[in-house]
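Student: Hi! I have a new structure open and would like a walk through it. Where do we begin?

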Amino acid sequence: MKNLFLYCRAGYEKDCAAEIQQRAGELGIGGFVKANNDDAFVVFQGFADDDGDRLAKDLPLDSLVFARQMFACGDLISDLPPEDRVSPISAALAGVERAGELRVETPDTNEAKELSAFCRKFTVPLRQALKKQGSLLDKEHARRPIIHVCFVGSGKAFVGYSLSNNSSPHYMGIPRLKFPSDAPSRSTLKLDEAFIHFIPREEHEIRLRSGLNAVDLGACPGGWTYQLVRRGMMVQAIDNGPMNEKLMDSGQVTHHRADGFKFEPLKRNVYWLVCDMVEKPARVAELMEHWAIQGWFKEAIFNLKLPMKSRYKEVSQILANMHAILKENGIHEFHLACKHLYHDRDEVTVHLWLRPSSPWI
Ligand SMILES: C[S@@+](CC[C@H](N)C(=O)[O-])C[C@H]1O[C@@H](n2cnc3c(N)ncnc32)[C@H](O)[C@@H]1O
């Protein structure tokens, strides 16, 4: 397939477009991007017939900041006849063999979401047809490709596939998280999503285990601290504001009324550093670098507030800088990743893991 379809947050199409253009170029793949404001998706149109296939395979989704999900696809199929939308879509997927799952989706916009009920209903006959032509296996299979049909309007869809080892496991790339009724703030979902996104599930038991020590910079009222406490960690919460009382009653939280830019941990026993201070992104990045160079944490999750313009450029510069500064300071073993998560608005979330060879602590 020639093209790559990418889902993003509405309003971030230009950033997603700038990113895919640059990253495809780095892989020697030329093309151009079609993106409209507030569509919540962009399409990279390759020049060669297999450019979309190559990108779906060779460009790690995890390395993209602004894309939630991506799949190789053909050109837009429009004017789908209401009496038979199944046949043209099945025909467009004839080249896909033995996929393990079918997802009929929409972009994440209010207008497109009105098609959700239709998508659910339409999945049933489409699934039957795709099984019949051998594009879809009889039983779901987690390691086979995923077929995506994305309705961008009634009678208009992009269709294609993603590879299960290089795509989001979530429908439309959006994890469905439940807001815990006793959490002190909605921000709690940002850290919950970050843990799910950045830490493989099979490693939660080790890297998010009970008893680890954590520092939360800019903690109040306590939404992020709540996620750490919930996992059984001991938390030093740094903020001049008031912390949620119930969280303090847990006995797992020490509240320091201090400046997060000046606070220093007394003991070298901090595993998690998290930071949600509303500050200039370069200043937050500098603080994280300082903590990393001092060896004050093993893993960090922090937010970078986004500027109004050139957001991709700004984020990539900060990450490249951080990379260089860590290396210059003798830190060679680390993992740095950044994502515009579903629960992020005008910010991105960064994960920095100062990975020891073994074991984790
Ligand atoms: C977006 S809120 C954090 C919300 C929190 N993560 C939650 O889930 O409830 C930002 C917090 O950072 C704190 N903050 C901003 N600058 C700070 C600084 N220099 N030192 C400590 N806290 C700071 C603010 O007081 C505010 O409570």
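Tutor: Let's begin with a record. An unreviewed UniProt entry annotates residues 185-279 as "domain: Ribosomal RNA methyltransferase FtsJ". UniProt positions follow the numbering used here, feature names are shortened, and annotations may be inferred rather than shown by experiment.

Student: What kind of model is this, and how are residues numbered?

Tutor: This is a predicted model, where local features need pLDDT of at least 70, side-chain atom pairs count only at pLDDT 80 or more, and totals for chains, interfaces and linings use all residues. Residues are numbered from 1 along each chain as its sequence is written, and side-chain values use heavy atoms, leaving out hydrogens and water.

Student: How much helix and strand is there over residues 185-279?

Tutor: The chain there is 29% helix and 21% strand, and the end C-alpha atoms are 19 Å apart. Helices (H or I, at least four residues) and strands (E, at least two) are DSSP runs, numbered from the N terminus.

Student: Is helix α8 mostly covered or mostly open?

Tutor: Helix α8, residues 223-230, is mostly covered, with seven of its eight residues buried. Buried means under 20% relative accessible area, exposed over 50%, and partly exposed in between, using a 1.4 Å probe and protein chains only.

Student: Which residues of α8 are buried?

Tutor: They are Gly223, Trp224, Thr225, Tyr226, Gln227, Leu228 and Val229. Just after α8 comes Gly232, with a positive phi of about 85 degrees.

Student: New topic: where does UniProt place the "active site"?

Tutor: The unreviewed UniProt entry puts that feature at Lys305. In the model, Lys305 lies in strand β12, which covers residues 299-305.

Student: Does Lys305 count as buried or exposed?

Tutor: Lys305 counts as buried, because its relative accessibility is 16%.

Student: And what does Lys305 touch?

Tutor: Leaving aside residues up to four places away in sequence, Lys305 touches Lys190, Asp276, Met277, Val278, Glu279, Pro281, Asp346 and Glu347. A contact means heavy atoms within 4.5 Å.

Student: What about His204, where is that one?

Tutor: His204 is in helix α7, residues 204-207. With a relative accessibility of 16%, His204 counts as buried. Beyond residues up to four places away in sequence, its contacts are Phe195, Ile196, Ile199 and Arg209. His204 and Arg231 are 27 residues apart along the chain, with 9.7 Å between their C-alpha atoms.

Student: And is Asn321 buried or partly exposed?

Tutor: Asn321 is partly exposed, with a relative accessible area of 46%. Asn321 lies in helix α11, residues 311-328. From Asn321 to Glu289 is 32 residues in sequence and 9.8 Å in space, C-alpha to C-alpha.

Student: Zooming out, how many helices and strands does the protein chain have?

Tutor: The protein chain has eleven helices and 14 strands. Its radius of gyration is 22 Å, close to the 21 Å that the globule rule gives for 361 residues, so the chain is as compact as a globular protein of that length. That radius is taken over C-alpha atoms, and the rule is 2.2 Å times the number of residues to the power 0.38.

Student: How much of the protein chain counts as buried?

Tutor: Of its 361 residues, 52% count as buried. As for contacts with a separation of 6 or more, 67% come from residues 24 or more positions apart.
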